[in-house]
Amino acid sequence: MTQPLGTAEMMTGNVAAAWGARLADVDYVPAFPITPQTEIIETLADWCDRGDLDARFVTLDSEHSMMTAAGAAAATGVRVFSATSSQGLLYAFEVLYSVAGWRVPLVLVNVSRALAAPITLEADHNDVLAARDSGFLQIHAETCQEVLDSILLGYRIAEDSRVMLPLIVNLDGFYLSFTREPVTIPEPDQVRRFLPAYRPEHLGFKASAPQALGVAVLRGGEYSYFRHQMHLGALNALAVHQEAAAEYARLFGRRYGLVECYRLEDAEDVLVMSNSFATKGKAAVDAARAQGRRVGLLRLRVIRPWPTGAVVDALRGRRAVAVLDQNLAPGLGGILFQEVSASLYPAADRPRALCSFIGGLGGKNISEGEFETLFAETAKAGKLEKSIGPILLYTEEDHRHMEEAIRIANVPVKTDGN
Amino acid sequence: MWQRETYKKIKQLPREEYITPGTSLCAGCGGLEALRLAAKVLGEKVIFVNAAGCMTLLAVYPFTPLAGSWLYTTMGSAPAGAQGVRDALDILMKKGRLPRHEDLKVIVLGGDGSTYDMALSSTSAAIHRRLDFYYYCYDNEAYGNTGVQLSGATPFGASTSTSHATPSHPAAAISEKKDIFEIWRAHRPPYIATISPRHPLDLAEKFARAARYDGPKLFLALAACPTGWGYDPAVTPEVAKLAVETGMWPLKEAINGEVTHTYIPKRRPVEGYLRLQGRFRHLFEPTRQEDVLRHIQQTVDAYWERVGA
Amino acid sequence: MKTFPEGAGASEEGGRHPALLRIRFHGRGGQGAKTAARIAGTAAFLEGWTAQDSPIYGAERRGAPVVAFCRLAGGPILERGLIAHPDLLVVADASLLADPAARVLDGTTTDTVLFVNSAAPPEVLRHEHGLSQHVTTLDLTSRSLARLGKGSALSAPLGAVAGRLAGLKRETVKEAVSRELRGLGLGDSIVTQNLDLALECFDSVEARGARVASSLRPAPQTLWTPSYDPPTRGTARVAARANAYLRKTGDWRIFRPDLDLDKCNGCTLCFVYCPEGAIKLTDKDRPIIDYDYCKGCGLCIEECPTHALTSLREEEKVKR
């Protein structure tokens, strides 16, 4: 049964991701299954089998192999899509850097899931943020609609000759991947107008024009030049994103920025978040505003290239800023807190109180009460003009469960053989 | 008896060079010797998908010695890279975005380090997927590019920089060389062959025969290594000949798993082969290690008994 | 400027750090430049100096240009890696002087003491390559061939010569050669032969004390800020077909295959077995060896059934 196009329908974040690939007319889907992304490649496998998508689907033997096949195919001249999560992203890590170094554009969807050990299936952002230096660009989505739209924007940006870098679209496992909400499927011919055919000038292998790609570079000067070119290409993606987003808004009516400002107009304290829990952050802002507190939310969307200007414009002059990292770098704290703080430091009117909160690790829920506490602590820090954190959002009740579990796990086994 | 149909006389070997001089590989490299001969049969409509190893230094910016194309991927997943290239070429041709005459043979180029160890999984998967590609392994029986360390291909009794002869390990390497031919053959690919540059017509014939098959065509090339095995490059011919004549490097082929030995050696004693190489000197100096020498000879004898030759 | 050994321990002007001698070794892969640097380093250490030695590692292959460094000082050495301005330059292969890729003479001044392994007298090399007047030469290769029957691995004589020119004692250099060669796992017989060769060269080389150049204030470097290039330029790719012939490897060899056409029966085996493809065939199947590329591996000589190819010691191409 073919889907009616251009109308909204209920779909999970995973299916929305599959639709992104389908609408982008991808040629090749090298795949390897891993919870919570598997539904994406299952959907694509069906569409390829039934001819709904004119693409070749191949199961590889690992994410390391999958990413190599993906990069090699895109280097040969076809548009490639794949998806992974958590341990899979880490297993492909070596190859992420190679694909970016080959200046090969493709879109990889990462469905965020916390990293082992201990192994878990629940979402947090340590996996995708670990890849922030790989050369892949990164767009993090809050809604299932944004997943689909960001994949189309992703190809447009990645394949622009001013960029030519691969791109990760990230969505939270479970909270988006298995959550259904209304998603509008853009008109395919409109998409083809938005997304030109993939014809990279520096790539391709053919008999009449042999080339060597991924060659060894043994002199430091040459290596510095090539790596710096990647950096400049990534920086270009800021402007290219704005151009693409403007045209996307014109064609499909949905506008996306490098960041999203929610009720920041007169906010003195700003909560900074990314991905799907930003929705909960917006609700918390509404609740606080209802009590007369001037607060707002800044949602980080384009993580690489890092939108320094947009972050500083949104946060300068505020009394206090609270960054809620759903990740934890052991021995340091929240990763995005470091990046926000670094961006703000040169601004003369930077907020005096930078507050670091760590929440939602391993998919842990962040309750309204925890948001209340966060805003209260942030307000106090703002008054005292004193930065605080990293503070773990982990309640007394959470800890009572923990104590109980530790007790059970440590009851010595009676050794009298019964 | 195995008959050559295409390459019967030495002068039939193509005169064109598809790997130009000017590479940075060691003088007297047995691996390059075999690759150059293979390239003559494979032609220039090729792409080498390379795994980390000595030959990664064939293409060093801004130079390439290859008439064909090249993609270095990683040490562990070149076969997956080959899958990507092959699929992309097929898709481009099917969708009319690449004319047929632009097609390329996809050739994985890896040393024994990647082939026997790190890339085992990706190779097995590529064979399992019936990928239409060549796999060319230059086997110099150690991790050569990093200075000759023990690999899955290092023969019993060989000294490497991580398996020296010591009081606790007088024989040096105590692991047996993996039988990668049999590991591959267990997948029943259409074509597998072992080759040696010292038998150029045997080598060329096997590449000609392999071209008839769609799917995996896997080659194990003896790569006598002056640097790694400890002998003067000029002795490469004698070392490489004896590797075959002693039966330590059998020349054979397997079509859909059916094995045929393409050359039956007179089976000279292994000692003459071992004695030429620095990596086996500890078996003779300061004292002869009779048990180790006997073990190596018996292993070879047992192999040929099973073969019935 | 203090001549290093006598002024040992005395701190440099300003007393910031004691005098430091910088030695740079140039050779080809397999000639022993790295081990030579270690011999000098070990000898300096045994004599109580602070010592540091290091090679530049990468794709060095038997024959390709290799660089190694040794520093010795009375106190802490606040330097790492590349020696840009050597006080003493030790060149294992005269052909490197003309090899642009090797950049042997980078950073040398008129004060730099230069040792070149060459049969040619110093004035010829000085004239040929415009070298500083402190040039000394010795034909280590011939001496090595005479003693060991092989002329490729020269770490012992190179290390010994460097030790002598750096003002180190004969005894410690001898001990250093022995320790380093044993460290490579070489047998007793080879070690003793190398020791004799090393001491012969130690005694034969003209002792010209290396001078510690006063440290020159580095001129500020002007930075180049690259702008974004199209990926056709900004990607590590080679869009040329088989352009490696631009890189001549002929200088790698110590011996060359010499062809006597009368003995050649046109069997083409030399063409078949040359790993480099450096032998072409005439339309009458006679070989033409391209000496710009022949690495001197000797395979063709071994394989030639009529011995039309023989091994000839490579004369230094003094007149290029």
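Biologist: What describes two packed helices?

Modeller: The angle between their axes and the distance between the axes. Here helix 4 (residues 155-165) and helix 5 (residues 170-183) of chain C pack at about 150°, axes 10 Å apart. Axes are lines fitted to C-alpha atoms over the stretch in contact, with angles from 0 to 180 degrees between N-to-C directions. Helices (H or I, at least four residues) and strands (E, at least two) are DSSP runs numbered from the N terminus. The model is predicted: local features need pLDDT of at least 70, side-chain atom pairs 80 or more, while totals for chains, interfaces and linings use all residues. Residues count from 1 along each chain as its sequence is written, and chains are lettered from A in the order written.

Biologist: How are helix 4 and helix 5 of chain C oriented to each other?

Modeller: Roughly antiparallel (over 145 degrees).

Biologist: Which residues of helix 4 of chain C meet helix 5 of chain C?

Modeller: Contact means C-beta atoms, placed from the backbone, within 7 Å. Ala156(C), Gly159(C), Ala160(C) and Gly163(C) meet Val173(C), Ala176(C), Val177(C) and Leu181(C) of helix 5.

Biologist: How many residues do chain B and chain A bring to their contact?

Modeller: Chain B gives 38 residues and chain A gives 37. Helix 2 (78-94) of chain B supplies the largest share of chain B's side, ten residues.

Biologist: In which sense do strand 9 of chain A and strand 2 of chain B pair?

Modeller: Pairing needs at least two DSSP bridges. Strand 9 (residues 212-213) of chain A and strand 2 of chain B pair in the parallel sense over two bridges. Leu213(A) has Leu71(B) as its bridge partner in strand 2 of chain B.

Definitions and conventions: Parallel < 35°, antiparallel > 145°, perpendicular 65-115°, else oblique. Contact = placed C-beta atoms within 7 Å.
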